[in-house]
Amino acid sequence: MNTFGTYNKDDVVFLLKDISNLICEENNNDREIKIQNGEHYSQMLPIEKSVSAQYLNLYKEQLENNKEKLAYAIGVMSEKIIKKNGKHIVLVSLARAGTPIGILAKRYLKERYNLKLPHYTISIIRDKGIDVNAIKYIVKKHPNSKIQFIDGWTGKGTICGELIKSCEDMKSMLGIEIKPTLAVLADPAGYAEIYGAREDFLIPSACLNSIVSGLISRTVLRDDIIGEDDFHGAKFYKELVNEDQSIRYVETIENCFKNQYKNIDDEVGKYNKEELSKIGDRDILNLQKKYNIEDKNFIKPGVGETTRVLLRRIPDKIIIKDIDDENIAHILVLAKEKNIEIVQMDLKAYRCCGIIKNLKDI
């Protein structure tokens, strides 16, 4: 087990192998060509550059404007976690978008109920599954506690599906039985049973890469650097330490918890288990038909996923519902900086979607 990153050890334990000196980052264009020609995205890392001053200032403005809503959503999500599981829980964030959300849930439950819950960050990778070695470690260390998985948001439900499949595989192959319930801050796709809000609202940590995630990279799974008994890997960007926003982000939202207690209680008091609407599927199908997209992985829906497309993929165009929507101001800045086409469309579940450029035959 490695302890790295810029978070306090009381906030989170990263069950990740430090591969900082074992992997070189690649530019977005080279990565995109490799991915579209069959190489898995988890075998490489994008170059993470400093963001522009304009973009960073916009992030800070959005955090200030949304901090009360974020505190409310964290509280609602955290209360639902306790309501469903009781208090003998291990919080397990899915790297890396889940990490700051898991930390906030841990801090909320400690502040309000004096619950000192263990919190780990582990890797889950599309088409590869969850880090089984990390799960084994948690189960061995906390044999009498339920595991609650946490992520930032749902895009089109891909990670929800991966989590279900991983838990089924662990039960059949290893006899480890874990419920694949996922808690997220925003669930516009209608795929998460536990959520803070069902709308596609801006989670400011989606605006930045490692500098709001403890300076930790996306996770990596590659045979030449990840051994059979290793945790999945990640890089620590220590060279960005002077730009790190991770602790400030968490503390800004945490300071608003008390203001939202009554609103949180009012909302949770009305909560019953809801059916998964999977409403996002309609937008995905409409986009596939409109732009003749065979592989739905080329569509990245929602504010968080659209931001990721602009930061680390090669976008073809950005689809938006309302150009005057303040929740997507940072997306418009990024699209303008990269000279990406913006198209308005009547989306039902999402504020925006990113369409990845098809480079398969290059």
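**The sheet and the cysteines**

Analyst: In strand E13, Glu 341 is the bridge partner of Lys 317. Strands here are DSSP runs of E with at least two residues, and helices are runs of H or I with at least four; both are numbered from the N terminus. This is a predicted model, where local features need pLDDT of at least 70 and side-chain atom pairs count only at pLDDT 80 or more, while totals for chains, interfaces and linings use all residues. Residues are numbered from 1 along each chain as its sequence is written, and side-chain values use heavy atoms, with hydrogens and water left out.

Strand E12 covers residues 315-320. Four bridges join E12 to E13, and the two run parallel. Two strands pair if DSSP finds at least two bridges between them.

Now the whole sheet. Its four strands follow the order E11-E14-E12-E13. The sheet is open, and its pairing is mixed. Strands E11 (299-301) and E13 (341-344) stand at the edges. Each has a single partner strand, so one side of each has no neighbour in the sheet. On average, neighbouring strands are turned by 20 degrees against each other, direction ignored. Such angles run from 0 to 180 degrees between N-to-C directions, and the axes are lines fitted to C-alpha atoms, for helices over the stretch in contact.

Next, the cysteines. A disulfide is a pair of cysteine sulfur atoms within 2.5 Å. The count by this rule is zero. Take Cys 256: the closest cysteine sulfur, in Cys 207, is 17 Å from its own, so the gap is too far for a bond. Cys 353 is in no disulfide either; the nearest cysteine sulfur, that of Cys 352, is 6.7 Å away.

Cys 353 is buried, at 0% relative accessible area. Cys 256 is buried too, at 4%. Buried means under 20% relative accessible area, exposed over 50%, and partly exposed in between, using a 1.4 Å probe and protein chains only.
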